[in-house]
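Subject: Structure handover and notes

Dear colleague,

Please find below the structure that I said I would pass on to you. My notes on it follow, and I would be glad if you read them with the coordinates open.

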Amino acid sequence: MTQRYFIQLSYKGTNYHGWQVQPNAITVQEVLNKALSTILNQEVNVVGCGRTDTGVHASDFMAHFDLNDIRDVEAEKLVFRLNRFLPYDIAVKSMFPVHSEAHTRFDALARTYQYFITKDKNPFRSESHWTMTHQLDVDKMNEAAKLLFDYEDFTSFSKLHTDSKTNICKIYKAEWEDRGDELVFTVSADRFLRNMVRAIVGTLVEVGRGKLDMAGFRQVIESQNRSNAGTSVPGHGLFLCKIEYPEDLNKEI
C-alpha cells in the first residue's frame, strides 16, 4: 500500500537545466529526487506540475510522489529536513497527503506565469529580469494582450515538434503592469504550451516597439505558424508563480 503526497516548493532556476530529469545536465527534479530518497531511505521519484526550461524560476511549484512505506511521516519535520538538505536555490514550503489518484499536472485548473523586464541595466536583476532599454508602448502591448482572449489555438506561440496532443488553451488573464523601473507581464491559462509565454512576450514587445500593429498581431495568431511570431525572450525573466487545484484533493484519505 502506498500513500501519495503533494509537495509545494519554489526554486531559482539559474543553476538548473529546467525541471525535468535529463542526461548529463542537473535539474530541479533530479536534486529533489535525491534529497527525498536519501532522507526517507527509499527510492522516491517526484512528478511535477509541468516543465520549466533552463533558467526559468518558480515561486510556486507543485510535485507529487508516492511512498511505499506508509509509516508515519510528519510533514513539518520532513519539510524542515529537506530544507536543510537541499541547496540554497530550492526551498520546500509545505507537504500534505492526497488521495491516490491526485495528480499535480492533470488536476491543475489554472497556472499563472509572470515575466519581468527591467528598463535599465541592473546587476541585481541580471538573473531575474530581461534587460530591455528600448522605449515600449505599454498601452499598445496591453491592447494586443487583450486579443489573446479571442483565441484558443496558440500554435504560433508553441515550440515546434513537441509531444503535446493539442495546442488549444484558454487564457484567463494577460496584462502588463508598469512599475516604474520594471515591466511585469502576468498571464493565466488552463494550460500552456512549451515556450508559449516567452513567445507571447517576445511578440508583444514587437508591438510595444512599433514593429507590429493590432492587425499584425491577430495575423500572427491566426497563421498558426511559429515563424511569424516574435523571438522567444530569455528564460531567466520568467517565473511560474501560481497553480490552482480543486479543493477536494485530499478526499478519501
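A salt bridge, as the term is used here, is a side-chain nitrogen of Lys or Arg within 4 Å of a carboxyl oxygen of Asp or Glu. By that criterion Arg125, Glu177, Arg179, Asp181 and Glu182 are linked in a network of salt bridges, and a search of the whole structure gives 13 salt bridges.

Before the rest, a word on the source. This is a predicted model, in which local features need pLDDT of at least 70 and side-chain atom pairs count only at pLDDT 80 or more, whereas totals for chains, interfaces and linings use all residues. Residues are numbered from 1 along each chain as its sequence is written, and side-chain values use heavy atoms, with hydrogens and water left out.

Further salt bridges

Asp53 has two arginine partners that deserve a look: Arg194, with the closest N and O atoms 3.2 Å apart, and Arg198, where the corresponding distance is 3.5 Å. Asp53 lies in the loop between strand 2 and strand 3 and Arg198 in helix 4, so this pair ties together parts that are 145 residues apart in sequence; helices (H or I, at least four residues) and strands (E, at least two) are DSSP runs, numbered from the N terminus. Arg198 counts as buried at 14% relative accessibility, while Arg194 is partly exposed at 27%, where buried means under 20% relative accessible area, exposed over 50% and partly exposed in between (1.4 Å probe, protein chains only). Elsewhere, Lys173 forms a salt bridge with Glu175, the closest N and O atoms being 3.7 Å apart; Lys173 is partly exposed, with a relative accessible area of 34%, and Glu175 is also partly exposed, at 41%.

Leaving aside neighbours within four places in sequence, Phe157 is in contact (heavy atoms within 4.5 Å) with residues including Arg194, Met196, Ala199, Ile200, Phe217, Val220 and Ile221.

In helix 3 (residues 138–146) the buried residues are Val138, Met141, Asn142, Ala144 and Ala145. Because they cover an arc of only 160 degrees around the axis, they sit on the same side of helix 3; the arc is that of the directions from the helix axis to the C-beta atoms. These buried residues pack against strand 7 (171–178), strand 8 (182–189), helix 4 and helix 5 (214–223), while the face turned away from the buried side carries the exposed residues Asp139 and Lys146. At the start of helix 3, a side-chain oxygen of Asp137 reaches to within 3.2 Å of the backbone nitrogen of Asp139.

The buried residues of helix 5 are Met214, Gly216, Phe217, Val220 and Ile221. They fall within an arc of 165 degrees when seen down the axis, so they line one face of the helix, and what covers them includes helix 3 and helix 4. Asp213 caps the N-terminal end of helix 5, with a side-chain oxygen 3.4 Å from the backbone nitrogen of Ala215. Just after helix 5, Gln224 takes a positive phi of about 50 degrees, and Gln224 is partly exposed, with a relative accessible area of 42%.

Loops and cysteines

Asn24, in the loop between strand 1 (3–11) and helix 1 (28–40), has a phi near 60 degrees, a positive value in a residue other than glycine. Asn24 counts as exposed at 86% relative accessibility. By contrast, Thr104, in the loop between strand 4 (90–98) and strand 5 (110–118), counts as buried at 0% relative accessibility, and the side chain of Thr104 reaches the backbone oxygen of Val47 at 3.1 Å. That approach is a polar contact (a pair of N or O atoms within 3.5 Å; within protein, one must be able to donate a hydrogen and the other to accept it, and residues adjacent in sequence count only if both atoms are side-chain atoms).

Finally, a search of the whole structure finds 0 disulfides, a disulfide being a pair of cysteine sulfur atoms within 2.5 Å. The sulfur of Cys169 is 15 Å from the closest cysteine sulfur, in Cys49, which is too far for a bond.
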